[in-house]
Amino acid sequence: MATSDRIAQPWGVRTPYGRGENWPSRTDMFLADGVRAETVERWVPSASVLHSNGDAMDIAVKDGRIVGVCGRTNDRVNRGRLGPKDLYGWQANHAAQRLTEPLIRVDGRLVPTDWDTAMERIARRSRELLDGPGPEAIGFYTSGQLFLEEYYTLGVIAHGAIGTPHVDGNTRLCTATAAEALKESFGSDGQPGSYADVDHADVIALYGHNVAETQTVLWARMLDRLAGANPPGLLCVDPRPTKVAEYATVHLAPLPGSNVALMNALLHELIEHDWIDHDYLAAHTIGFEDLAQQVSGWTPERAADICRLEARQIRQAAELLGAAPRLLSTVLQGFYQSHQATAAAVQVNNVHLLRGMLGKPGCGVMQMNGQPTAQNTRECGADGDLAGFRNYANADHVAELAELWHVSPEDIPHDGPPTHAMRMFELAEQGSLRMLWVSATNPAVSLPELARIRGILARPELFLVVQDIFRTETAELADVVLPAAAWGEKTGAFTNADRTVHLSEKAVEPPGSARPDLDIFLDYARRMDFRDRAGNPLPPWTGAEDAFAAWQRCSAGRPCDYSALTYAKLREGGVQWPCTDEHPDGTERLYTDGHFPTDPDYCETYGKDIADGSTIEEQDYRARDPRGRAIIKAADYAPPHEPPSEQYPLVLITGRTLYHFHTRTKTARAPQLQAAAPEVWAELCPQDAQGAGVSEGDLVEVYSRRGAVRARARITGIRPGVVFLPFHYGYFDDDGEHTRAANELTRTELDPASKQPLFKTAAAAIRLIEHSDGVAPAPTTGASKPYGANVPETVGGERALADHECAEPKGGVAEPVS
């Protein structure tokens, strides 16, 4: 049993193993004070919903309460290991601030009420809108933390019963590019690789993926390989000096926004040195000639100038990729939250297509997820796409879905692409979207340009429903707040980043009158009296297992096929989809035969121009005749739209810390996690800090054209010209005066193909506010003289937010967020 301090040692003790060997098991457990394993009354199977790794665990229950967790040793994902958020995050379920009864806004304040009153208020407003402006006046913005059954139910209600195209999740912020890149290259969403590829790879390349902090157990697996025989080489592409970078064979720290230039140079070197599989390219791909032409001029020297790297480093990285007998690549937010996100991620796919390294042990690419159940939003249609990876532009796919739901094809919106999250907020700002239902997420902290977002959410014309387990910053702006059951208080399935499905069973009752999200959605459907064409309730199911069975039927025959996957099978452990009669134990790797779901009659999408996001029409797609072959798409480099300037000399990147998840609604209520990372910080390199007169621990203000954030300085080996802020922290500091929310500074701009917001390429500046000893700086080096420029009185046409101003909730001031 592992007992090390998992805050100081987040990845635990090493269990080394060599290439091709099975990853040894190690059981991690944490129990509440005074509880011993032998006194636990029940162990209930589940998996983590505080990151995307899907670590399997058993929930310890005693006296009707969750009292701890233990890693499940026989599970394929984690072999018994748990990360810090797994071990300690469950304590948030017991927080005193849990929502236990519905709230409605009365005379400007949120007041307690009963479920009938709250739900009838929602149903009444829904009917008014459906009878008036129609379905497109209603939108749903959901999460990456609900269960498969809940997403599928929400998708049926929104698309089939209401008929609105306005459905998306906060997965738009973290995983939209993963989905888009997979569709563009392979014809459908779905990770080709598997975590088991770590056991076989000779080289592991991580592109903008700080796996050591975002997926601690996956990093532990990599560390154990590095500690064993035949360790893999490691390529790290990240401007920060992460733990991954510390172990890297080659560490590239490009200037944020230059990823496409870097990838083009790496591809240039692969072709130049003939590190490619010509037979694989000829048999299984189209588009190689266009790529070869595009990258022909991208020498390492050219890319080095743009990326601010040394050409020799790029050559070293290319040789590492080109000489690897087995290559595993992973991609995450460092590539996804940028202006050429899809273009950059697709080039990583291209590396594997050029090298013929897909579908074999140790040879895979994983366009990673950030949210724990992000894969399910995409599969089930809760991100706006059609359920089962169906193509909204394919009339047969729409008809097939309509037949499953017993509705007319005309009832399902499909006359254009689904509405992405940022467009939904724009429609609410313009006044055409008049009701927004937010479930299990906190956009008032997580979306870009927060002053604008708060203003939208606070609009009196917008009827805002918030469904959550805590009274978040977003809930404070709501018209109706619905108390939801948390993880461990409901039953459902969910899928991790390598397609492993787990079942999480109900361990305890939710507090007060809180309800499972599935029950809330079904209650709404019944009050609205949604019916299919035969007059039966829509959706027809009444519980989680029935909803899962309906999803099995919906997914059958599609790339994400669950047809042979049951609750009974999931009780034995995690299983990777597709799981069919032909593959009853799941499928470890996709595309083992080199056949891809790109056939025009089967593919999830006809694709986009990855440079400008324009949709490729069906006839043009058919003319390319992919016929089961992967599609190689080239991209030229384009500079960011807001580059550093004299006034704003730094590039701001936002990101995560190991100890928190999303906006800290759960992790801030776990004592160990909150103590490990209680405050926001600003990470700078020594020369940038010196230029601003800043030392370690000083209070600084980071500001952009949109706002300002105050934080303590950390001086690290981050690349020059870059400042990093974690995004988890909410509005105010301890004095209630200055914002801590990094997204005050970020921009409302999107990747053209995936529509994922840019959190990595804003121009910013810093100034010293106060030394670490509390002494104010001298006027010539302090607050009146920021690094790179004087603080403007106005930024972007508005007054600079040196002091935070929060939009008031509708009708008055609500109670402060705990």
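The model is predicted, with local features needing pLDDT of at least 70 and side-chain atom pairs pLDDT 80 or more, while totals for chains, interfaces and linings use all residues. Residues are numbered from 1 along each chain as its sequence is written, and side-chain values use heavy atoms, without hydrogens and water.

**View 1. An open sheet of 7 strands with mixed pairing.** The strand order is E6-E5-E17-E16-E15-E7-E8 (strands are DSSP runs of E, at least two residues, and helices runs of H or I, at least four, numbered from the N terminus; two strands pair if DSSP finds at least two bridges between them). E6 (109-112) and E8 (167-169) are the edge strands, each with a single partner, so one side of each has no neighbour in the sheet.

**View 2. Strands E7 and E8 with helix H3.** E7 (residues 138-142) and E8 run parallel and are joined by 3 bridges. Tyr141 stands opposite Asp168 in E8. Helix H3 (residues 148-162) packs on the sheet and touches E7 and E8 (contact means heavy atoms within 4.5 Å).

**View 3. Packing of helices H17 and H19.** In H17 (residues 421-430), Met422, Phe425, Glu426, Ala428 and Glu429 meet Arg452, Ile453, Ile456 and Leu457 of H19. The contact residues divide into 6 nonpolar, no polar and 3 charged (Ala, Val, Leu, Ile, Met, Phe, Trp, Tyr, Cys and Pro count as nonpolar, Asp, Glu, Lys and Arg as charged, and the others, Gly among them, as polar).

Notes. Axes are lines fitted to C-alpha atoms, for helices over the stretch in contact, and angles run from 0 to 180 degrees between N-to-C directions.
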